[in-house]
There are 2 protein chains.
Amino acid sequence: MDVGAVVCDVFGTVVDWRTGVAREAARLLGPDVDAVAFADAWRARYRPSMEWVRSGGRPFVPLDVLHRESLPSALAEVGVAAVPDDVADELVLAWHRLDPWPDAVPGLTRLRRRFVLAPLSNGGVRLQVDLARRSGLPWDLVLGAEVVGHYKPDPEVYDSAPRLLELAPSRVLMVAAHTDDLAAARSRGLRTAYVHRPHEFGGDPVPALTDPGADLSVGSFEELATALGC
Amino acid sequence: MDVGAVVCDVFGTVVDWRTGVAREAARLLGPDVDAVAFADAWRARYRPSMEWVRSGGRPFVPLDVLHRESLPSALAEVGVAAVPDDVADELVLAWHRLDPWPDAVPGLTRLRRRFVLAPLSNGGVRLQVDLARRSGLPWDLVLGAEVVGHYKPDPEVYDSAPRLLELAPSRVLMVAAHTDDLAAARSRGLRTAYVHRPHEFGGDPVPALTDPGADLSVGSFEELATALGC
């Protein structure tokens, strides 16, 4: 593969959203709330909330707005009736304060020596900047949904990476822990690497250990760096 | 000033376009061409070429495309009739290979400790990534013309910084060596800092030593970092 840039899904692939959201929820909602169940309940509303934008039913709004809108029903699911506005705002910022998986920063740092490196996430621009500054994610730039006003798996998001980086699609490698994200990237001509994240959903069943459709399947960003000769 | 992000003009403000373009022109066109005169001739076509886009006369195209289109007449001005396509392509890439002024990397590195840092340039996304990777410009992300499909001084470019960084306009500080760029930023509510670059145009007269309209006028990015307490 003659790769020039590596673009990465972020939630679940680079950062551990479940542990991070649960940590912030425990801090903000107290010990009587099941913080992990709340994290799962909120995440379950992620795709449906984007679907309304993706179908053209409403104009694009950043993910923070969708998170804010889906918060009350996620709270209700764990028995919290309502929270003050300032707590709700802080909970939305939990998604800006997620820790990377342990291999992410060392692996990405190695990859950046050879490749242009960017997130290609449904999270907003500010969210990506906050995650990166908090943990030292070594992105060259921020790409993704908010830059183009579309959510993955809309083709506009995948197409934006080769367009803005002035590379053929086959020279852009998309990395994700989710086979559907990779399939959508492949349909736009990008190369794909699957990274296995068995702990993304806690104790839930693991859907796949490798992605037979991907160019590469690895267990970490460090393994990916080695596979690409970094 | 309660600043959260510092966004920077690049050509002339962060990098020395004249010396860099002349260096690449000397390499690619040989010793019989006046490389500095060629750099000036090419740069003189920069604003008119964007004007056609800004007036709505044609759809947005990245600066590389405008540079490519204005190249033949700039070459003609210094007595070069035509060059092969591969030489023309390499000349366009001269704008991706400009050196920063000596204070830029140390000053920006200090500023980044406290502030989100991004270019806000009419240069394209790939161009900014190439400049940054070449010289270690420590941007958190790339903002600017190509991200929004408008050229400065269109308001869309200035407005994109507070919007994508989720800050009030008054918490974004625009830095430039050009008073018209700063005036346009101020008209959109941004704070402004003028950095004096007496050598941008070689021996030509220097238009201003300070900008009375700006919140700050400094002689370098190091001075700016000191003024902002970094």
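Cavities and one buried threonine

Trainee: How much space lies in the largest cavity?
Mentor: This is a predicted model. The structure holds two cavities of 30 Å³ or more. In the largest cavity the space is about 60 Å³.

Trainee: Which class do the residues lining the largest cavity belong to: nonpolar, polar or charged?
Mentor: Both chains supply the lining, with A:Val125, A:Leu141, B:Val125 and B:Leu141 among the residues. Val and Leu count as nonpolar. No polar and no charged residues are found there, and the twelve residues of the lining are nonpolar.

Trainee: How many charged residues are in the lining of the second largest cavity?
Mentor: This cavity has about 40 Å³ of space. Its lining includes A:Trp139 and B:Trp139, along with A:Arg133, B:Arg112 and B:Asp140. Arg and Asp count as charged. Beside four nonpolar and no polar residues, the number of charged ones is three.

Trainee: Is A:Thr192 buried or exposed?
Mentor: A:Thr192 sits in strand β5 of chain A, which covers residues 191-195. The cut-off for buried is under 20% relative accessible area. Because its relative accessibility is 0%, A:Thr192 is buried.

Trainee: With which side chain does the side chain of A:Thr192 make a polar contact?
Mentor: Leaving out residues up to four places away in sequence, A:Thr192 touches several residues, including A:Leu173, A:Met174, A:Arg186 and A:Asp215. A polar contact needs a pair of N or O atoms within 3.5 Å. At 2.9 Å, the partner of the A:Thr192 side chain in such a contact is the side chain of A:Arg186.

Note on methods. Residues are numbered from 1 along each chain as its sequence is written. Chains are lettered from A and ligands numbered from 1 in the order in which they are written. This is a predicted model: local features need pLDDT of at least 70, side-chain atom pairs count only at pLDDT 80 or more; totals for chains, interfaces and linings use all residues. Side-chain values use heavy atoms; hydrogens and water are left out. On a 1 Å grid over the protein atoms alone, a cavity is a set of points where a 1.4 Å probe fits but cannot get out, and a pocket is an open set with protein on both sides within 12 Å along at least five of seven lines; lining residues have an atom within 4 Å of a point. Grid points are joined across faces, edges and corners, and a volume is the space filled by probe spheres set on the points. Helices (H or I, at least four residues) and strands (E, at least two) are DSSP runs, numbered from the N terminus. Buried means under 20% relative accessible area, exposed over 50%, partly exposed in between (1.4 Å probe, protein chains only). A polar contact is a pair of N or O atoms within 3.5 Å; within protein, one must be able to donate a hydrogen and the other to accept it, and residues adjacent in sequence count only if both atoms are side-chain atoms. Contact means heavy atoms within 4.5 Å.
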